Amino acid sequence: MKENTFTMIDNQTGKRYEFDVIQSTRGPSAIDISSFYSQTGKFTYDNGFTSTASCKSEITFIDGLKGELRYRGIEIGELATKHSYLETCYLLLNERLPNKQELAEFDLEIRHRSLLHESLRHLFQAFPAGAHPMATLSSATAALSTFYYDHLNIADEDGYQEMARRIIAKMPTLAAFAYRHSIGAPFIHPDIERSFSENFLYMIRAYPGGTMRIELEGEKKIKDIEIEALDTIFTLHADHEQNASTTTVRSVASTGAHPYVAISSGISALWGRAHGGANESVIAQLEMIGSVENVDKYIAKAKDPNDPFRLMGFGHRVYKNFDPRAKILKGLQDQLKDELQLDSRLMEIAHKIEDIALHDEYFIKRNLYPNIDFYSGVIFTALGIPRSMFTPLFVIGRTTGWITQWIEFKKDRTMKIARPRQIYIGE
Ligand code: CMC
């Protein structure tokens with residue numbers, strides 16, 4: 001028997017089949033079943049891809065049992081506490097952290113690329129009043145491909161980097177415009193004197209002319225602690241290996257479509273409440289539960305196999321331990337509670353849910369721990385971010401991951417069009 005192979009036996013025919021084993025640098029190795037059909041005449045079936053690796057990647061590593069997450073080998077806690085979101089973007093795109101000069105140049109370029117083409121601004125007017133910003137954002141991102149059509153044929157490193165920096169820079173502006181249109185407020189253009197994260201808060205909050213809200217005590221300026229908190233949140237969302245939206249981006253990339261259309265598809269995939277949309281649903285659910293007295297009733301509903309109700313912000317396909325991003329956000333909540341107004345009623349309900357769930361047999365047996373979305377909503381609310389913008393915030397952070405994965409896909413000459421098969425059970 002050859003080393004690094006995996007043998008399968010068909011119990012009906014007694015035939016043996018051998019497959020190569022692909023070694024990872026960390027985490028489980030994989031059985032290369034690409035010749036499975038040609039060898040056996042059968043397909044493999046893996047509902048929801050629970051046991052399938054769809055690509056080889058050097059970008060992000062997750063150990064779901066330990067609750068570990070690393071971008072380009074660097075642990076998420078280190079990035080979140082010692083580095084900015086733009087440094088993290090640079091790391092993901094360039095495989096290393098920038099030096100001071102490189103960071104300054106990168107930051108400056110992102111600021112200058114944050115403006116939108118005037119014609120794209122007019123597109124927003126076509127959407128109905130009250131449109132959910134995620135729907136508008138996905139459409140506007142697809143529309144961006146009409147302005148940068150030449151990105152379809154990029155095949156060199158400089159082109160990839162420019163295309164990536166452009167979408168990272170414009171996503172906060174697209175998201176802010178989507179929001180302002182949804183409430184009928186005039187657009188606020190990015191201010192290139194403000195940093196990436198500050199600019200987003202500015203575009204959401206400012207009045208025409210650039211003034212912030214005036215209260216009796218004076219102008220309500222953006223606080224440093226708010227900018228730092230948002231920046232950390234973007235870093236925590238920057239990439240998460242082959243999740244549903246990233247898999248969507250790679251699938252669209254595999255057909256040769258435009259990179260911004262692939263990102264637009266990723267945004268659509270992220271919107272669902274099983275994925276990024278959970279952050280909006282968590283707060284809606286906490287509001288629905290209403291008070292700590294009602295928590296037991298909803299925990300019972302979540303455990304009832306005949307009730308479709310699920311606790312939003314709990315469970316994860318990969319983490320069978322505390323989501324490390326959730327741990328960091330929980331710490332951030334504690335840090336912010338004295339400086340910003342965190343909704344104490346919602347936090348009390350959330351703490352009770354967390355406390356019960358972490359000690360309840362149902363949740364323990366299924367390894368259901370709080371995920372990133374369980375804690376992000378309370379912080380977003382304290383930052384004055386409207387609920388409909390929670391998932392667009394996830395989009396802004398994840399854009400870097402999506403575009404980095406898109407580039408990695410394009411550079412990998414072995415990648416094929418994503419085309420699974422089926423088990424036909426019809427007529
Ligand atoms: N509340 C109650 N029960 C749950 C929950 C939950 N939130 N999540 C999973 N379960 C149960 C589920 O009913 C099943 O029980 P049983 O074995 O008795 O049938 C078991 O746990 C396994 O669930 P699953 O649906 O097979 O697990 P999955 O890996 O396919 O789904 C998930 C993962 C995240 C979609 C799911 O846990 C869920 O729907 N969570 C709530 C939504 C949420 O918070 N999503 C955000 C994920 S983190 C952000 C991101 O990266 O997208």
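Student: Hi! Which backbone nitrogen does the side chain of histidine 258 reach at 3.0 Å?
Tutor: That of tyrosine 260. The side chain of histidine 258 also reaches the backbone oxygen of tyrosine 148, at 2.8 Å. Each is a polar contact, meaning a pair of N or O atoms within 3.5 Å; within protein, one must be able to donate a hydrogen and the other to accept it, and residues adjacent in sequence count only if both atoms are side-chain atoms.

Student: Before I go on, what kind of model is this?
Tutor: It is a predicted model, in which local features need pLDDT of at least 70 and side-chain atom pairs count only at pLDDT 80 or more, while totals for chains, interfaces and linings use all residues. Residues are numbered from 1 along each chain as its sequence is written, and side-chain values use heavy atoms, with hydrogens and water left out.

Student: Okay, back to histidine 258. Where is it found?
Tutor: In the loop between helix H10 (244-254) and helix H11 (259-271). Helices (H or I, at least four residues) and strands (E, at least two) are DSSP runs, numbered from the N terminus.

Student: And why does histidine 258 count as buried?
Tutor: Because its relative accessible area is 5%. Buried means under 20%, exposed over 50%, and partly exposed in between, with a 1.4 Å probe and protein chains only.

Student: Which residues does histidine 258 touch?
Tutor: Leaving out residues up to four places away in sequence, they are Ser145, Tyr148, Tyr149, His151 and Leu152. Touching, or contact, means heavy atoms within 4.5 Å.

Student: New topic: proline 133. Which helix is that in?
Tutor: Helix H6, residues 133-147. Proline 133 is buried because its relative accessibility is 2%. Among the residues that proline 133 touches are Ala178, Tyr179 and Pro392. Proline 133 and phenylalanine 177 are 44 residues apart in sequence, but their C-alpha atoms are 8.6 Å apart in space.

Student: Is phenylalanine 49 buried or exposed?
Tutor: Exposed, because its relative accessibility is 53%. Phenylalanine 49 has its place in the loop between helix H1 (36-40) and strand E4 (60-63). Its phi is near 55 degrees, a positive value in a residue other than glycine.

Student: What about the phi of arginine 72?
Tutor: That is positive too, near 45 degrees. Arginine 72 lies in the loop between strand E5 (68-71) and strand E6 (74-75), and it counts as buried because its relative accessibility is 17%.

Student: How many residues of helix H8 are buried?
Tutor: Ten of its ten, over residues 196-205. They include Phe196, Glu198 and Arg205. Helix H3 (85-94) and helix H7 (157-182) are among the elements that cover them.

Student: Now the ligand! How many residues surround it?
Tutor: There are 20, and the closest are His275, Leu311, Gly313, Phe314 and Arg317.

Student: Which side chains have an N or O atom 2.9 Å from an oxygen atom of the ligand?
Tutor: Those of arginine 317 and arginine 366. The protein covers 72% of the 950 Å² of accessible area that the ligand has on its own. Such areas come from the Shrake-Rupley method with a 1.4 Å probe; for residues, only the protein chains shown count as cover.

Student: Last one: how far apart are the C-alpha centres of domain 2 and domain 3?
Tutor: They lie 27 Å apart. The bounds, 75-270 + 399-411 for domain 2 and 278-382 for domain 3, come from an automatic or database domain assignment. Between them, 13 residues of domain 2 are in contact with 15 residues of domain 3.

Methods:
A residue is near a molecule or strand if one of its heavy atoms lies within 4 Å of it.
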